[in-house]
Amino acid sequence: MNQTERRRKILDILRDADTSISASRLADEFGVTRQIIVSDIAILRANGHKIIATRRGYVAEKAEDGSVAESIVCRHSARDTLQEFYIIIDNGGGIDNVIVEHPIYGQISADLNIRSRYDADEFVRTAKATNATQLCDLTGGLHIHTIRVPDKDAYERIIESLEK
C-alpha cells in the first residue's frame, strides 16, 4: 500500500469512528511508525481535511452542512478538465483542491473551491486566457482531488461516472 492509499484509509477510519483513534492504533493497523501516521495526518490537514487532535487521538470533523471530504485519484490531460469538473458537480459534489506528487518538489496542492458549472467554466477560461499550465500537466495527467459530497451515495455516483 502506498502513502496515498494509506492516507485515504486513515480518513475512512476516522470518519467511520464513533470515538477518537490514537496515532499508535493507526500505526499498528498499517504496520508503520506512529511518526508516519502523525505526518500523514499533517498532510491530510494541509490538504483541507478537518481532523481534530484530542488527548486520546484523532477525530474527523464533519462540515456544518453535513458534507464530507473525499479524495479521488484521476488521470487525464488538461483538455478533459472541464468534463471532469462537470461530472463531479452534476453528481452532487464540489472540488476543494487538486494535488499532484511531483518527482522533485514532492506534494503540490492548490485550492480550487469549484462548486458550480460557472466556477468550472471560469477556471478553464482563465487557464486558456493566461496560457497557464495545469498541475496535472506536470505529472502526466495523474492528480488527486479532494471533493466535498453530501453523502457516500454522491461519492459513489461520482466515482462511477468518472470511470465511464
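N131 is placed in the loop between α5 (117-130) and β6, where helices (H or I, at least four residues) and strands (E, at least two) are DSSP runs numbered from the N terminus. The model is a predicted one, in which local features need pLDDT of at least 70, side-chain atom pairs count only at pLDDT 80 or more, and totals for chains, interfaces and linings use all residues. Residues are numbered from 1 along each chain as its sequence is written, and side-chain values use heavy atoms, with hydrogens and water left out.

N131 is not a glycine, yet has a positive phi of about 55°. With a relative accessibility of 71%, N131 counts as exposed; the classes are buried under 20% relative accessible area, exposed over 50% and partly exposed in between (1.4 Å probe, protein chains only). A positive phi of about 50° is also found at N113, again not a glycine. N113 lies in strand β5 and, at 46% relative accessibility, is classed as partly exposed. Most residues other than glycine have a negative phi. A further positive phi, near 95°, belongs to G92, which follows α4.

Four strands form an open sheet in the order β3-β6-β4-β5, with antiparallel pairing; two strands pair if DSSP finds at least two bridges between them. Strands β3 and β5 are the edge strands, each pairing on one side only. On average, neighbouring strands of this sheet are turned by 20° against each other, direction ignored. Axes here are lines fitted to C-alpha atoms, for helices over the stretch in contact, and angles run from 0 to 180 degrees between N-to-C directions. Strands β4 and β5 run antiparallel and are joined by seven bridges. They form a hairpin with three residues between them, and V100 has I108 in β5 as its bridge partner. Strands β4 and β6, also antiparallel, are joined by five bridges. In this pairing, I99 stands opposite I144 in β6.

Helix α1 (residues 3-16) lies across β3, β4, β5 and β6 and runs at about 160° to β3. The axes of α1 and helix α3 (residues 34-46) cross at roughly 80° and come within 10 Å. On the α1 side the meeting residues are R6, R7, I10, L11 and L14, and on the α3 side they are I36, I37, D40, I41, I43 and L44. Contact means heavy atoms within 4.5 Å. By class, the contact of α1 with α3 holds eight nonpolar, no polar and three charged residues. In this classification Ala, Val, Leu, Ile, Met, Phe, Trp, Tyr, Cys and Pro are nonpolar, Asp, Glu, Lys and Arg are charged, and the others, Gly among them, are polar.

L26, in helix α2 (residues 23-30), is buried, with a relative accessible area of 1%. Leaving aside neighbours within four places in sequence, L26 is in contact with I10, I13, L14, I21 and I37. The C-alpha atoms of L26 and I144 are separated by 23 Å, the two residues being 118 residues apart along the chain.

The largest nonpolar core contains 17 residues, of which I95, I114, I147 and V149 touch the most other members. A nonpolar core is a set of buried Ala, Val, Leu, Ile, Met, Phe, Trp, Tyr and Cys residues joined through side-chain atoms within 4.5 Å. Two or more residues of this core come from each of β3 (68-75), α4 (81-90), β4 (94-102), β5 (106-114), β6 (142-149) and α6 (152-163). Helix α4 gives the largest share of this core, four residues. Apart from this core lies another, of 14 residues, among them I21, I51, Y58 and A60.

Seven of the 10 residues of α4 are buried, so the helix is largely enclosed by the rest of the structure. The buried residues are T81, E84, F85, Y86, I87, I88 and I89, and they pack against β3, β4, β5, α5, β6 and α6. Not counting residues up to four places away in sequence, V149 touches S67, V68, E70, G92, G93, A154, Y155 and I158.
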